[in-house]
Every structure is written in structure tokens, then in C-alpha cells.
Amino acid sequence: MNKIEKHIVDSIEHLTDAMLDFTCRLVAEPSTLENEASALQVMEAELRRLSFEPVRLAIDPVELGKHPGFAPVPWTYAGRYNVIAKREAAADGGHSVIFNGHLDVVSPEPLFLWKTDPFAPVERDGWIYGRGAGDMKSGVAAMTYAVHAVEKAGFGLKAPVTIEAVIEEECGGNGALACVAAGHTAEAVLIPEPIGPKILTAQMGVLWFKISLTG
């Protein structure tokens, strides 16, 4: 580890408490399908507090429906959106990157299997327990504070970095697709899903199909 890397790591260490607090505030929002607004508002507020300028990206199912990657769904997109923030480069010579994470979570049912309220995060033995803590609100907090830590350490960026907090990853992926369709691209994308201490260069896909039977 060189001096620059150590300085950034030290910056991250100093921001640990703030990062964990942000994670818990995200987990406390019950952002199940069609109920993501409160978590997105927490995300927006935190980005502004960290001197980003977040924007909302609405999902237009009519326009997005023309994209070959669109997944037809039975629910509405009225009032629902992604949150995007971009940090421009301070110099040349780097490679642009997108940090993408979803704020939607699956249902906590059946509730009787939980020892605590799934949306009242608790820390126990070095772990945060709560619906969505691992998948993947901790990842969203980590990617947000990764950019902030570099700036806090006194360094600029050699290429743009875009932070995307999206909806509907748990059931189709139209949130992330809307970002691509709107022109938010980069040379690399990092999605900090909870896969352990390794980097995968692959992504699971989804197949949607209907079966009609007579009888």
C-alpha cells in the first residue's frame, strides 16, 4: 500500500461511524416494491449533505418499453424514480465508473421468523440486522462514502464517477435500465452486492415467461 492509498484508507476509517449510521437510516425505511420513496429521500438528503447534487430520474414505462431489455410488469411507475449524483473529474487520465446499488428490498414476511422488527436495524456482534441491510443498503452506503472518502482525503478524480441508487432490482431491473436508457454510461460499473470479499465479472439474468394450459 502506497502513501496515497493509505491516506484514503485512513479517511474511510474515520468515516466508519457515519457510514454505519447512514446504512441504518436506509434500513429503517421499509422500501418494498412501490414503497421506495422514503429510502430515496434519505439517499437524496445524504448526498446533499456530502456536497453532491442529486437528481431524480423518473421511469417512463412507455418510452422504456421500447428498449429490448425492458421487463413488462403489472405495477405502476407513477411517482417512482431513481436518484443519481455525478462527481465530475478534476483532471484527465482516468477511467469513468458508475457505482450502482438498489434501495428496494423484498418483503420481510413471514414476520414471525424475525427476532426483532425487520425495519428497526440493530447491531449485534459486528453485524447490522434488518431487512435489506446486506442486500444491499450497506453496499449503497459504502459506494457513496467511497467517493466521499477520496475527497475527504484531499484528492480529486481523474474521471467522472456516477452514483446511482435505483429501484426495482429485486423484480426485473427496470430501474437500472432507465439509467442506461437516459445515457448514464461509463467505462466500468461496480455493483456492491453482498457476495463476499471478491469481485465477480458476471451478473445473474432473469427470464420472464407465461405458460398457458387447457384442461
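Before I describe the sheet, a word on terms: two strands are taken as paired if DSSP finds at least two bridges between them. Please also keep in mind that what you see is a predicted model.

On that basis, 5 strands form an open sheet with mixed pairing, and their order across the sheet is E1-E2-E6-E3-E7. Strand E1, residues 55-58, and strand E7, residues 188-190, stand at the edges with a single partner strand each, so one side of each is left without a neighbour in the sheet. From one strand to the next, the twist averages 25°.

Within the sheet, strand E3, residues 97-102, pairs with strand E6, residues 161-166, in the parallel sense over 6 bridges, and in this pairing valine 97 stands opposite valine 161 in E6.

Now to the helices. Helix H3, residues 37-49, lies across E1, E2 and E6, and runs at about 15° to E2. Helix H5, residues 133-152, lies across E2, E3 and E6, running at about 150° to E3.

H5 also packs with helix H2, residues 16-27, at an angle of about 140° and with the two axes 9 Å apart, which means that H2 is oblique to H5. The crossing of H2 past H5 is right-handed. On the H2 side the contact includes Met19, Phe22 and Leu26, and among the H5 residues they meet are Val140, Ala141 and Tyr145. By class, this contact of H2 with H5 has 10 nonpolar, 3 polar and 1 charged residues.

Key:
Residues are numbered from 1 along each chain as its sequence is written. This is a predicted model: local features need pLDDT of at least 70, side-chain atom pairs count only at pLDDT 80 or more; totals for chains, interfaces and linings use all residues. Side-chain values use heavy atoms; hydrogens and water are left out. Helices (H or I, at least four residues) and strands (E, at least two) are DSSP runs, numbered from the N terminus. Axes are lines fitted to C-alpha atoms, for helices over the stretch in contact, and angles run from 0 to 180 degrees between N-to-C directions. Contact means heavy atoms within 4.5 Å. Angles under 35 degrees count as roughly parallel, over 145 as roughly antiparallel, 65 to 115 as roughly perpendicular and the rest as oblique. A crossing is left-handed if the near helix is turned anticlockwise from the far one by less than a right angle, and right-handed if clockwise. Ala, Val, Leu, Ile, Met, Phe, Trp, Tyr, Cys and Pro count as nonpolar, Asp, Glu, Lys and Arg as charged, and the others, Gly among them, as polar.
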